[in-house]
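Student: Could you help me learn to read this structure?
Tutor: Gladly; let's look at it together.

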Amino acid sequence: MSNIIVLGAQWGDEGKGKVVDLFAERFDIVARYQGGHNAGHTVYIGEKKFVLKLIPSGILRPAVQAVIGNGVVVDLAALIEEMTMLEATGINVKKHLRISNRAHVIFPFHRLVEKMSEARENRIPIGTTSRGIGPCYEDKIGRRGIRVADLYDRESFRNLYDTLAEDKKTLAATFNLHDTIDYAKIRKQHLEYAEIIRPLVCDTAALLANAMKQGKRILFEGAQGTMLDVDHGTYPFVTSSSAAAGGASIGTGVPPTKIDGIIGVSKAYITRVGSGPFPTESLDGGGEMLRKEGNEFGAVTGRPRRCGWFDVPLLRYTAMVNGFDTLLITKLDVLDHLAEIPVCVGYKINGKLVKEMPATYLSMEAVKPVYKKLPGWKTSTRGTTSYKALPERARAYLKFLEDQTEVEVGGVSTGPERNETIIRAGSKLKRLVG
Ligand code: GDP
Ligand code: IMO
Ligand code: MG
């Protein structure tokens, strides 16, 4: 097996950063295919904590090339800030990072548009990360966006930029918003940023194709999670990109026929940041406990994450749209001292079991979860590295998830660090990353 995708099976923050960092050393390239600096991927290397937002987590491995694919939206100021942060720790970012010339650029006025849309009357705010992600993708799909390559043709950039700026000014005037944005200053600044990143910019689809010809292996790093995918998630409470597996091909130019495996990362429970339906959210002591034990606060915005119980119908759905070969269950240790663990095994609406994932957020909000309570193991699993060494009840919990979701649990994470991981012998996961 060669090229694989690691992506979130829930609403994001499943621990993708840790998992990608762990497997990255077995790959030549780690590529991001969607999203932007709305992502927050945490990696611990010993005492050192890194939160990667835009740059693939693979950058932390000295022999790995990191690629920002065409499907990513790039805020150049955020990118340069992240590059500087990594370079200060001794990482040679200029050598190891490449950026697609087809990636779209986020400008400060995209944040202004986001502010307007989040504050609109009669509209429920999405609770976005306020990074300008959605408005940048709107311009991309609206065919008026500006791509990295455009920055290098001064005259054409000026025209594109001024037209786009004009649109935003009109919008701001319409909504009576008097934000003092210095459009000319931003244009000039971006020409300077463009020079800083010039040596890193290339046709990354061609780079990846050449790498594959040489037998190199690619790991695709998903951002957000499947339930935040613009098509398959809880629309409109989603992000604006294709976080699901199909996005890896679109967002990098690597054909689907070259992707050999898909690893779903899921917490042993579930969290969500921002608004939107969340059937298994626990608003009582259980949710509080998960937030405290799991340190569930947003890596980007610091917002407390909403917490709840493992949702089997949701996982079955995300397995369906992604075709997971295997699951890696993270944060098992967070459940260590619970006497009982509820798991949602079915959805009911108006007393009737529903078989398919509801399509509208209103029907999703009407869902009443059907719970089964599993016995807890009340023993520490923190740092366990072998499946056999897990308490019997923890194994029974994982076996239950495996049987219910119909996807193998190939790996388990028992702590934030690289070595606090179990890869099961004989699993598909082991074959995929071996
Ligand atoms: P990502 O966005 O999917 O990369 O996930 P985040 O980094 O936003 O959030 C996951 C958090 O859980 C981070 O703080 C990780 O360090 C932490 N983490 C990952 N795996 C484990 C685990 O198995 N146990 C515990 N206790 N923490 C973990
Ligand atoms: P990682 O990669 C969790 C959520 C926001 C909001 C919605 C839309 O760390 O898992 P956006 O700013 O993208 O337009 O916001 O999506 N969201 C995330 N939630 N983890 C993330 O990334 C997220 N990126 C966006 O909270 O509800
Ligand atoms: Mg995160």
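Student: Where is the place of serine 282?
Tutor: This is a predicted model, where local features need pLDDT of at least 70, side-chain atom pairs count only at pLDDT 80 or more, and totals for chains, interfaces and linings use all residues. Residues are numbered from 1 along each chain as its sequence is written, chains are lettered from A and ligands numbered from 1 in the order in which they are written, and side-chain values use heavy atoms, with hydrogens and water left out. Helices (H or I, at least four residues) and strands (E, at least two) are DSSP runs, numbered from the N terminus. Serine 282 lies in the loop between strand S12 (270-272) and helix H10 (285-293).

Student: Does serine 282 count as buried or exposed?
Tutor: Buried means under 20% relative accessible area, exposed over 50%, partly exposed in between (1.4 Å probe, protein chains only). Serine 282 counts as buried because its relative accessibility is 9%.

Student: Which residues does serine 282 touch, not counting residues up to four places away in sequence?
Tutor: Contact means heavy atoms within 4.5 Å. By that rule, serine 282 touches Gly287, Cys307, Gly308 and Trp309. Its side chain also reaches the backbone nitrogen of glycine 287 at 2.9 Å.

Student: Which strands form the open sheet, and in what order?
Tutor: Two strands pair if DSSP finds at least two bridges between them. Here the order is S16-S15-S17, with antiparallel pairing. Strand S16 (352-354) and strand S17 (368-375) are the edge strands, each pairing on one side only. Strand S15 (residues 340-349) and S17 pair over eight bridges, and glycine 346 stands opposite valine 370 in S17.

How values were computed: Polar contact = N/O pair within 3.5 Å; in protein donor to acceptor, adjacent residues only side chain to side chain.
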